[in-house]
Amino acid sequence: MWERTLQDLIRGLRANKKDESKFLAQAVDEIRTEVKSKDMEIKAAAVLKLTYVSCYTSVRAALICMDSCIRQLQMMGYDMDWASFHVVEVMSAARVHLKTIGYLAATQSFHQETDVLMLTTNLLKKDLGSRPDEAAVALNGLSHIVTPELARDLSPELIAMLNHSRPHIRKRAILVMFKVFTQYPDILPQSMNRLRERLDDPDPGVVAATINVLCELAHRNPTDYLPLAPQLFHLLTTSSNNWMLIKIIKLFGTLTPYEPRLVKKLQPPITELISTTSAISLLYECVRTCIIGGMLQGHGGNALARTCVTKLAGFLQDADQNLKYIALLAMVNIVPSHPELVAEYQDMILSSVNDEDISIRMRALDLVSAMVSRHNLQPVLQQLLSHLVKSEAVALPSASEALSRFGPSPGAPPARPGILPSQSPAYRLTLAQRILSLGSQDVYENVTDFEWYISVLVDLAYVARANVGAGIREQLVDIAGRVRAVRRYAVQVMAKLLSDDAYLHNASEEGGCPEVLWAAAWICGEYCSELADPHKLLSYLLQQRIVALPADVVAVYLHAAMKVFGSWAAELADRWDDDDLPKVRSVVDDVVERLASFATHPDIEVQERAAELLQLFTFVRADLTAYKPQPRDNAIMYGDASADGFGEPSSTPTSEPRFPKSLYLMKPLFGAYELNAVAPTAHASVPVPEGLDLDAWIVPMPEEPVPAHEGVTDEAPDGKKSKKSKRKDAGKSKRKGKGRAREDDANDEDGEPDEPAHQETAEDRAERERVSALPVLFFACV
């Protein structure tokens, strides 16, 4: 009988690409028959083919061995669990090459729930104690199929194999012990002495394997491995194996936080390694260990930190993107303790912000954020802002263009032009948000010139082309409220922004930041006294084009228009001249005409504000129409906008004022008090008024009346309580009201009257009046 070999199966798969499923189904049927053969060679060949089929996942895949191959096989419809017992049979074969096939199939098909694993315990014990080649195969297979039960039962044999005469067996046994420790941690204390002995093993491979296992185990409980520090330090100073040195340094990085004395001991050898080694991986691991181990502190740590930063700066200039990335990543961890060292390479770091690799750009942003201070905030923000400005530079090559450099393919489509990194919407959003966070860090702690920062926020609104308008709005309003000295400049800049037709046109587009116009209108309205020509701004606040803006922005525009007009009108009244009357009438007529279109706005908030303003300005227009200029001798000096009420004169009135009274109508509604910033905890600084007890009741709780003889009950002549009397009293209590109940209590059976009512004294009356006045005082404080 002729059997299909593994090579024949592979050729068949390649020849039947169009009908692969049918061919695989036929091959599995043949394997089911062959695996039952009494000939171990045929059985092993069938298991090998089945293992290959279980790992074959696509037409173009050749041989893919991974832990999830069983799940992949079941997804294809080929369940290999039925062959588990046959795999165990091949594992028990006498010939090594057949045994190897069995163990290979077990590593690909067995899992924690495989029921035949219990049958492999004695088989593994036998193979572990057999010839070195069979022991090596068994160790390799055990590392993949070990379970808690197998780890417990085979741990004595594995511990004994740590002293095997063959170095490659000792090395495999050490590596298998790691899997055993993870499945059965109770065996770790018993094997620790053997692992310590392997650190002095004459074979470098065994020592390297031991270091590798210890490095992984130390992450779980570092304190248990501190006694190994002397041996590890000896290996650090004597070994020339870079791979093993990396593992030793990683291990020390784990142990150092738990033993601070190691820092001083490790600084000299690590400094020497950083200065002399040419291995990039070893150099980076030394820098990383210095950071996480706290070796950069103190006098010796400063010198070590400078050495580390100098080496990392060299990586930033390297063409290898991986080196740039790890350099930026390490500098992010160094800058909190040594910002002055990292700041020396500020320009080099900022150049990475516009790198073509997104991961490098993000790490560069993290580093820039960490190194910002009062001294370098301005150049850093200017550099970041420049990356958002449109550039006409050559775009980065696309993936197809990059591949075409190594040889164009005949059927490849034409490459499309690439996109500049700064043109990516997601990156622009991240960069703009980072600018806002850097400027407002710790309540603007690093900002020394607020006029400059306001100009940065306005520039960011123009060039961001990202949805950061809400953040810019909050900071503009916050700064204008907090910093009194910058309000005039802020009002000037916001007025220019409101009059910019180009910005208004772009505000309705994606990333147009219309919220900034909200802040501009609010600032100009709240601090309108800083405006040079307030009435000129009214035409921009009430222009018809703002209806395209969000409704909340339009509402603030209308509110600001009322504030600006009120301030301008009151200022005009203070220096009134009858020649100003036509000018005021013209402005009011224009405002009324413009407001009429907003009264039909679809948003209810805008409608309400427009209707209210329209009525106010209609009243003002009527007053201006009815106003007649009067001689100056008959005029009086009316109070300014800060008067307690509208039309309240500052001196004894003798006649009507010489200016229209409606000019003072609006400013008192908004300008009576100045709006200032209040700290979140400012209320704690307000003293409690004398005589006010916040813990006492404002109105005392009424006291419940207590009957004079509550416990006395009617008793019969024989000493027993009378049920009739109890029922009678109960009925009375139900029928009587509270007032009558008190009256009945006063006239009890004994006929003893209550004590006379307490006469109110002068002190009691004063106390009662003070208590009754507390609610008024409370609401006045609120």
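Select P582 and E593 to start: both are exposed, and they sit on the face of helix 32 that is turned away from its buried side. You're looking at a predicted model, so keep that in mind as you click around.

**Helix 32, from the other side**

Now select the whole of helix 32, residues 581-598. Its 18 residues reach 26 Å from the first C-alpha to the last, close to the 26 Å expected at 1.5 Å a residue. Next, colour L581, V584, V587, V588, V591, V592, L595 and F598, which are the buried residues here. Where do the buried residues of helix 32 fall when you look down its axis? They fall within an arc of 135°, so they line one face of the helix.

Pick L517 and show what surrounds it. Leaving aside neighbours within four places in sequence, L517 is in contact with L497, L498, Y503, L504, A507, L549, V553 and Y557.

Slide back to R545, in the loop between helix 30 and helix 31. Is R545 buried or partly exposed? It is partly exposed, with a relative accessible area of 41%. Draw a distance from R545 to D501: they are 44 residues apart in sequence, yet 9.3 Å apart in space, C-alpha to C-alpha. Beyond its neighbours within four places in sequence, R545 is in contact with D501, L504 and H505.

**Two loops with a positive phi**

Select C513, in the loop between helix 28 (501-506) and helix 29 (515-526). C513 has a positive phi of about 55° although it is not a glycine. This residue is buried, with a relative accessible area of 3%.

Then jump to D442, in the loop between helix 24 (425-439) and helix 25 (450-463). D442 isn't glycine either, and its phi is positive too, near 55°. But D442 is exposed, with a relative accessible area of 52%.

**Rings and charges**

Time to show the aromatic side chains. How many aromatic pairs does the structure hold? There are 9. One is W522 with Y527, an edge-to-face pair with 6.1 Å centre to centre and 85° between the planes. Both W522 and Y527 are buried. For a cluster, select Y444, F450, W452 and Y453, which are linked by ring pairs.

The charged end of R361 sits over the ring of Y427, 4.4 Å from the ring centre. R473 lies over the face of W518, at 5.2 Å from the centre of that ring.

**A stop at helix 8**

Head for L139 in helix 8, residues 132-145. L139 is buried, with a relative accessible area of 1%. Which residues does L139 contact, leaving aside its neighbours within four places in sequence? Show L128, L158, M161, I169, R172, A173 and V176 to see them. Then mark D127: its C-alpha atom is separated from that of L139 by 8.8 Å, and the two residues are 12 apart along the chain.

**Zoom out**

Finally, show the whole chain as a cartoon. You'll find 37 helices and 0 strands. Of the 782 residues, 42% count as buried. Among contacts between residues at least 6 apart in sequence, 67% join residues at least 24 apart. The pair R545 and D501, 44 residues apart in sequence, is a contact you've already visited.

Technical notes:
Residues are numbered from 1 along each chain as its sequence is written. This is a predicted model: local features need pLDDT of at least 70, side-chain atom pairs count only at pLDDT 80 or more; totals for chains, interfaces and linings use all residues. Side-chain values use heavy atoms; hydrogens and water are left out. Contact means heavy atoms within 4.5 Å. Helices (H or I, at least four residues) and strands (E, at least two) are DSSP runs, numbered from the N terminus. The expected span of a helix is 1.5 Å times one less than its number of residues. Buried means under 20% relative accessible area, exposed over 50%, partly exposed in between (1.4 Å probe, protein chains only). The arc is that of the directions from the helix axis to the C-beta atoms. Rings of Phe, Tyr and Trp (its six-membered ring) pair if their centres lie within 6.5 Å; planes under 30 degrees apart count as stacked, over 60 as edge-to-face and the rest as tilted. A charge sits over a ring if NZ of Lys or CZ of Arg is within 6 Å of the ring centre and within 35 degrees of the ring normal.
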